[in-house]
Amino acid sequence: MKTEFGIAYGTMTHVWTLENENVRMSVSDFGASLISLVDKKSGIDAVQGFDNVQGYLDTRGTCFGASIGRTANRTDRGIFHLNGKEYHLFINNGPNSHHGGEYGFDQKVFDGREEGNSVIFERLSPDGEENYPGNLQVKITYTLLDDGVSIRAEGTSDEDTLFSYTNHSYFNLEQSSTILDHELMIPADHYALSDENGMMKEFPASVENTPFDFREFHRIGERINEENEQLKLGAGYDHWFPIEGEGLRTDAILKSKNLELIVESDFPGVHAYTANWFEGWKGRYDVIYAKRSSVALEASYLPNAINYETAEKPVLRAGETMSHEIRFRLKNI
């Protein structure tokens, strides 16, 4: 079912809703966004969001549910080098470029269509947009699964460029005003350290004996206020975890009293962010989205990977297609 969602930048946006006996998924052509993911047995909507596009415009920069690109997370000083040329991106997060620039994919209206149990969003990001090279054709496919949603991101360019996608949904499995009582598991032995500007450093540190050890379930609020330099720098959790292995695998599991969210992807890692800078917006179901009301679990490359020698780099070569998949699956406890 396709419905109107309101005007954004002079264009009418839309929402598509697909459902089966277990889950109901709503996605929008504004930002190729995941608007809602409802577990029908419990009635819980696991994804935070708004009733119309104006809510997403009013909270620009938070990227609720959005597709992020061309580059997710922060690029140091907005500078990267590719094929011997230096590129300068828009600075929008301290001294850094963040989540695609001034008007990243989260602020773009995609072409959308429904095909079977999928909704497909496509857009041409023209050469020079946000100062990235190459005409990049982007295709984001949301497919309804028996227990959740698959998101496949594909990019093809006529020049070498960067394509470092993520989906930026914020999760709360109780539709409550806090995420601190949720339990989180991330199967990672290491985590990327942050500097004073939120930039992830190249060489990860061990999670052993730190508040970043989520190899077993811990309440998110259990250690978030500890006297820890990394927690102070991020005002909470705002860190990337490398996930060992290849192919589709578990990045994280989020658990409430009655519901579990399993995050899977084929990306090198996952970035956990506990909404540390939320300002108290009123979202769907009249829930207030205040500080630490949700957690984003962003499957992605290491932030700033293009500038690090040892990191897997999100370079898309001319004429080739890069494809990655993220899955959000719900399970009743």
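On a 1 Å grid over the protein atoms alone, a pocket is an open set of points with protein on both sides within 12 Å along at least five of seven lines, and its lining residues have an atom within 4 Å of a point. With that in hand, let's look around. This is a predicted model, in which local features need pLDDT of at least 70 and side-chain atom pairs count only at pLDDT 80 or more, while totals for chains, interfaces and linings use all residues. Residues are numbered from 1 along each chain as its sequence is written, and side-chain values use heavy atoms, with hydrogens and water left out.

**Pockets**

- The largest pocket has 26 lining residues, and G61, T62, N93, H98 and H99 lie nearest its centre.
- Its space comes to about 520 Å³, where a volume is the space filled by probe spheres set on the grid points, which are joined across faces, edges and corners.
- Sorted by class, this lining holds six nonpolar, 13 polar and seven charged residues. Here Ala, Val, Leu, Ile, Met, Phe, Trp, Tyr, Cys and Pro count as nonpolar, Asp, Glu, Lys and Arg as charged, and the others, Gly among them, as polar.
- The second largest pocket holds about 160 Å³ of space. Of its 15 lining residues, I243, E244, G245, R249 and P268 are the closest to its centre.
- In the second largest pocket, the lining has six nonpolar, three polar and six charged residues.

**Cavities**

- A cavity is a set of grid points where a 1.4 Å probe fits but cannot get out, and the model has four cavities of 30 Å³ or more.
- The largest cavity has about 70 Å³ of space, and its lining includes D45, N172, R284 and Y289.
- That lining divides into four nonpolar, five polar and two charged residues.

- Strands (E, at least two residues) are DSSP runs, numbered from the N terminus.
- Two strands pair if DSSP finds at least two bridges between them. Strand β17 (residues 170-171) runs antiparallel to β28 and is joined to it by two bridges, with F171 opposite V295.
- Strand β25 (residues 269-273) is also antiparallel to β28, through five bridges, and G269 has S300 as its bridge partner.

**A nine-strand sheet**

- Nine strands form an open sheet with antiparallel pairing, in the order β11-β12-β13-β14-β30-β24-β23-β18-β21. Its edge strands, β11 (111-115) and β21 (218-219), each pair on one side only.
- Six bridges link β23 (residues 249-255) with β24 (residues 259-265), and L254 stands opposite L261.

**Nonpolar cores**

- A nonpolar core is a set of buried Ala, Val, Leu, Ile, Met, Phe, Trp, Tyr and Cys residues joined through side-chain atoms within 4.5 Å.
- The largest has 59 residues, and those with the most contacts inside it are I140, Y142, I186, L254 and F328. Strand β13 (residues 136-144) gives the most to this core, with five residues.
- Leaving aside residues up to four places away in sequence, I140 touches (heavy atoms within 4.5 Å) several others, among them A32, F110, V119, I151 and Y165.
- A second, separate core has 18 residues, including F5, A8, V15 and V287.

Conventions: Helix = DSSP H or I, 4+ residues; strand = E, 2+ residues; numbered from the N terminus. Buried < 20%, exposed > 50% of the residue type's maximum accessible area, 1.4 Å probe, protein only.
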